[in-house]
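Here is a short briefing on one protein chain. Look at the structure first, then read the points below.

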Amino acid sequence: MDLRIERIAFRNFRNYETLELSALGPLTVLVGPNAVGKTNVVEGIQLLTALQSFRRPSLEQIVRQGADFARLDADVTDGSRELALSLQVSEGKKRYLLNGKGKRTADLKGLVPSVTFAPDDLELAKGAPAVKRAALDALGSQLSANHYVIKKDYEKVVRYKNRLLKDDAPSELVTSIDETLVTCGAQLACYRSALVEKLAPRVADYYAAIAGGREALMMGYVPSWEPHDPDLPATFAFGRDEARKRLQAEITRRRDEERARRRALVGPHADHVEFFIAGRNVALYGSQGQQRSVVLAFKLAEAALIQEMLGQKPVLLLDDVMSELDEGRRNALVSFIEGDIQTFITTANLAYFDEDLLSRARVVELPLEGAAEPGEARASGAAGADAADERGADRRHAGCGPAAAGPSTGEGGR
């Protein structure tokens with residue numbers, strides 16, 4: 001039996017002084033006008049399950065204004081096990097606990113996975129390459145702690161290399177960092193390639209079902225060492241040795257260009273993930289309807305792959321997406337929900353749901369007592385919540401070694 005959330009409780013989180021929902025079942029619909037905190041509930045559940053937020057906030061932003069800490073709790077059970085998940089945020093630091101004991105984020109990845117679908121996810125089909133890479137890595141990090149740790153290490157290496165290039169550091173020092181970048185980067189590229197190999201057929205199948213079989217979708221992955229043509233459908237699979245060799249060769253070839261532009265140009269931060277319909281790039285030529293179908297297919301495939309690989313159905317978090325989908329796409333999503341997957345939905349309008357679905361749901365009207373005025377969350381320029389993760393990621397999970405922990409500077413991503 002899958003682990004499911006029975007209860008959530010927030011204290012000093014975003015606009016909530018306190019919030020508690022108990023006796024949670026398969027389907028919970030949170031309804032209320034805009035700016036009452038519906039999305040905050042979804043974000044809180046995501047922080048306790050996927051261990052990240054789609055908003056990418058600073059830690060200070062998730063603490064209610066005027067408070068000096070925030071705490072989020074979830075009680076989960078599969079009928080035989082009962083687990084208590086907690087997140088504590090205070091003094092610019094976060095700490096996860098499982099049954100009262102502190103845990104590394106990497107140790108909790110995949111325990112209670114989740115898939116979030118929010119309006120901003122529509123950028124997955126039409127947005128910048130960084131959006132697509134982030135979506136792929138977010139999924140990979142829930143499926144594998146190794147993927148999560150390698151991604152974190154690689155990001156540190158790229159930031160350090162960018163600082164060296166910006167400061168016009170000696171070539172010998174940049175070359176030494178490139179050795180670590182190749183080690184981390186080749187492994188991350190392999191993880192991504194293997195993940196796309198598993199995910200792409202499922203995305204294509206869901207897209208075909210949504211489109212009524214009228215169109216075929218292809219998902220492709222192009223590593224930074226390969227020439228990239230957005231008009232040419234392509235995807236690449238490779239092993240670690242080939243990835244190391246190709247990545248090193250491309251870094252060597254573009255070394256002078258990196259010096260001139262003062263930033264790293266080669267590595268997984270420059271990879272491309274593309275979607276093609278009938279040989280045409282969805283980001284460039286897809287209609288709005290096609291782009292939305294691609295994103296919906298990706299999310300459904302993501303949930304299906306998590307279930308297959310982890311043996312655990314993810315929690316599905318749908319933040320005000322019904323208003324973004326037409327009737328056909330809403331029906332496809334509702335059909336998936338009916339497959340016994342625990343789901344939380346936010347909406348401002350219950351008219352998007354039929355009576356049969358609502359009769360099986362717990363409908364929660366917001367705001368609840370205990371919410372502060374909307375929009376009171378603190379703002380700060382401090383490092384993001386994900387970036388403030390534990391510095392000493394568990395190297396038992398195939399990290400890239402001490403050289404990965406160079407000084408932290410600007411991002412190398414596009």
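Helices here are DSSP runs of H or I with at least four residues, numbered from the N terminus. By that rule, V131 lies in helix α5, which covers residues 129–143. Keep in mind that this is a predicted model.

**Around V131**

- V131 is partly exposed, because its relative accessible area is 33%, and partly exposed covers values between the buried limit of 20% and the exposed limit of 50%.
- Leaving out residues up to four places away in sequence, V131 touches E123 and L124.
- V131 and V273 are 142 residues apart along the chain. Their C-alpha atoms are separated by 9.3 Å.

**The annotated binding site**

- UniProt lists a "binding site" in an unreviewed entry.
- P33 sits in the loop that runs between β3 (27–31) and α1 (38–49).
- K38 belongs to helix α1.
- Is K38 buried or exposed? K38 counts as buried because its relative accessibility is 7%, and buried means under 20%.
- Not counting residues up to four places away in sequence, P33 touches K38 and L366.
- With its neighbours within four places left aside, K38 is in contact with Y16, L30, V31, G32, P33, T346, T347, A348 and L366.

- R14 lies in the loop between β1 (4–13) and β2 (16–21).
- R14 has 10% relative accessibility, so R14 counts as buried.
- The side chain of R14 makes a polar contact with the side chain of E43, at 2.9 Å.

**The nonpolar cores**

- In soluble globular proteins, nonpolar side chains tend to be buried together.
- The largest nonpolar core in this model has 76 residues. Which members touch the most other members? They are L199, V203, M219 and L333.
- Helix α7 (residues 171–210) gives the most to this core, with 16 residues.
- Another core lies apart from the largest one and has 38 residues, among them V36, V41, I45 and Y96.
- M219 has contacts beyond its neighbours within four places in sequence. These are L136, V196, L199, A200, V203, T235, V273, E274, F275 and F298.

How values were computed. Residues numbered from 1 in each chain as written. Predicted model: local features only at pLDDT ≥ 70, side-chain atom pairs only at ≥ 80, totals over all residues. Heavy atoms only, no water. UniProt positions renumbered as here; feature names shortened; annotations may be inferred. Helix = DSSP H or I, 4+ residues; strand = E, 2+ residues; numbered from the N terminus. Contact = heavy atoms within 4.5 Å. Buried < 20%, exposed > 50% of the residue type's maximum accessible area, 1.4 Å probe, protein only. Core = buried A, V, L, I, M, F, W, Y, C linked by side-chain atoms within 4.5 Å. Polar contact = N/O pair within 3.5 Å; in protein donor to acceptor, adjacent residues only side chain to side chain.
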